[in-house]
Amino acid sequence: MSELFINGITSFIQNTGIAKLFAATEGSALAFAGVDFGSIVMLIVACVLIYLAIGKQFEPLLLLPISFGMLLANLPFSNLMHNVLFVGSGEEHFVMDFGEILHNGGLLDLLYLGVKLGIYPSLIFIGIGAMTDFSPLIANPKSLLLGAAAQLGVFVAFFGALFLGFNLMEAMSIGIIGGADGPTAILVTKTLAPKLLPAIAIAAYSYMALIPIIQPPIMKLLTTKKERLVKMETLRPVSKLERLIFPIIVTVVVGLIVPDAVPLVGCLMLGNLIKESGVAERLSKTVQNELMNIVTIFLGITVGATASADTFLQPQTLYIIALGLVAFSISTAGGLLFGKVMYVLTKGKVNPLIGSAGVSAVPMAARVAQTVGQKEDPTNFLLMHAMGPNVAGVIGSAVAAGVFLAMAKVL
Amino acid sequence: MENITQGAVVAVIGICTVFAVLAILWCVLELMRVVFTAKNKKTAKQAPVAAPAPVPVAAAPQEDDSELIAVLTAAIAASLNQSTYNLKIKSYRRVETAPVWNRTARRDNLNG
């Protein structure tokens, strides 16, 4: 009787997380003298990120679920998430076994299927589409080119990553951070370099939150006072018909040229058409609020859960974070420099500052352009002009992602 | 080294595609604009709504009223549920001199 009792207690203790922490098997990352420092460090990192989300309000809507997902997944024995099921344990050609995932997967494994199958990013894009007003872009289509120029950082960071020794697929995923668009980065990374997903997602979302700090110095450095003072003409009114035709045209044009961008651009435009149509008010509200919020929770928590000690606590995470900053800065510079070209070509009618809004990050980047412009001249209202390149940037980074996905198939 | 050459190919194709796609969209949108502005010219007369400003606003510096006008436009747009593009403020005047009952009624209207 008493033996049974003691056996019961011993096996209970052996199955607690604490026991696991202090009885780490050799070979797991950062295990010394039987103590699993890897998991401990990950729990600390998770807490720091929770602090950044709540205390500093860095994109809290995403960072909070991400950081808590990280916490959950790194509790030993919690069995919520099994990365091995998705990325294998080092095999050359790993094939996911869906039956295995459904039978043995924990809660987060099942939710992660939505990331792995590319469902969440597209659903989020429906919501973003329904929240976006494309009329500044329709009124001033030139700004599409600024949205393209601000993808420069994507390709520069891609090169940087190659030089630092990442392989092509990983480099593409890192480069796409420069698109400043979370769902796009996640869609590319989960396909091309799933092991880097947590680092890339965290870098992308943190830098998006830091845009008001990253961009202004670059903007001041690259533009002259005279350029910053330019007041732009009021945008022409856009008719409802134009706003209805726009999403359809964009879907068809982009879809025909870069089919791999359709999951993003198509969903973005679907959301926009639902809103602009005016006949599906309920759907529009649902995709903007409930659907978007639900998916954001699932996306955040599962992306965070992929951060395990042996993939996250690596020097490459630091490289990714550094390259992300490079990508954001160069994208900003690309937009600004193209803005300067336009300033010259239009004989001073375009304020180059709006170019910096070509990095997606809607509407943060446009607000930064407005703030910097207003510092020079408080009566200058650049916000609506900057929204054009800003939403063009979303299309631009989705196209860049489509190109990467397409190239990855042939290389 | 092979990686870098392949990378160069990817980057060049990538940049060119992004620019090409967005440039094509630009052309399509310009085309759309030409078509629609041509059509709109016929019906142009109805469009601009000149709205006087019925909203009492705190004193603003008279020399530079562009900020005030922006505020007024936004307020009218919000209360009419319309885009600011359709509004053009031609003039505004303070209406605080109205009798107190008129003002109450107006406020009720705005709040309701």
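The model is a predicted one, in which local features need pLDDT of at least 70 and side-chain atom pairs count only at pLDDT 80 or more, whereas totals for chains, interfaces and linings use all residues. Residues are numbered from 1 along each chain as its sequence is written, with chains lettered from A and ligands numbered from 1 in the order in which they are written.

Axes here are lines fitted to C-alpha atoms, for helices over the stretch in contact, with angles running from 0 to 180 degrees between N-to-C directions. Helices are DSSP runs (H or I, at least four residues; strands are E, at least two), numbered from the N terminus. Helix 13 of chain A brings A:Thr184, A:Leu187, A:Val188, A:Thr191 and A:Leu192 to the contact, and helix 23 of chain A brings A:Ser397, A:Ala398, A:Ala401, A:Phe404, A:Leu405 and A:Ala408. Contact requires C-beta atoms, placed from the backbone, to lie within 7 Å. By class, this contact has eight nonpolar, three polar and no charged residues; Ala, Val, Leu, Ile, Met, Phe, Trp, Tyr, Cys and Pro count as nonpolar, Asp, Glu, Lys and Arg as charged, and the others, Gly among them, as polar.

Helix 23 of chain A also packs against helix 18 (residues 262-277) of chain A, at an angle of about 155° and with the axes 8 Å apart, so these two helices are roughly antiparallel to each other. Here A:Leu264, A:Val265 and A:Leu268 of helix 18 meet A:Val394, A:Ile395, A:Ala398 and A:Ala401 of helix 23. The contact has seven nonpolar, no polar and no charged residues.

Helix 23 of chain A turns up again in the contact between the chains. That contact takes 37 residues from chain A and 29 residues from chain B. On the side of chain A that touches chain B, helix 23 (383-410) supplies the largest share, eight residues. By class, that side has 29 nonpolar, six polar and two charged residues.

Helix 3 (residues 37-54) and helix 4 (residues 60-73) of chain A pack at an angle of about 160°, with their axes 8 Å apart, and are therefore roughly antiparallel to each other. Among the residues that meet are A:Met42, A:Leu49 and A:Ile50 in helix 3 and A:Pro60, A:Phe68 and A:Leu71 in helix 4. The residues of this contact divide into 16 nonpolar, one polar and no charged. The loop between helix 3 and helix 4 of chain A holds A:Gln57, which has a positive phi of about 55° although it is not a glycine.

Most residues other than glycine have a negative phi, and most peptide bonds are trans. Just after helix 21 of chain A, A:Lys347 takes a positive phi of about 55°. In the loop between helix 21 and helix 22 (364-376) of chain A lies A:Pro363, joined to A:Val362 by a cis peptide bond with omega of about -10°.

Note on methods. Parallel < 35°, antiparallel > 145°, perpendicular 65-115°, else oblique. Contact = placed C-beta atoms within 7 Å.
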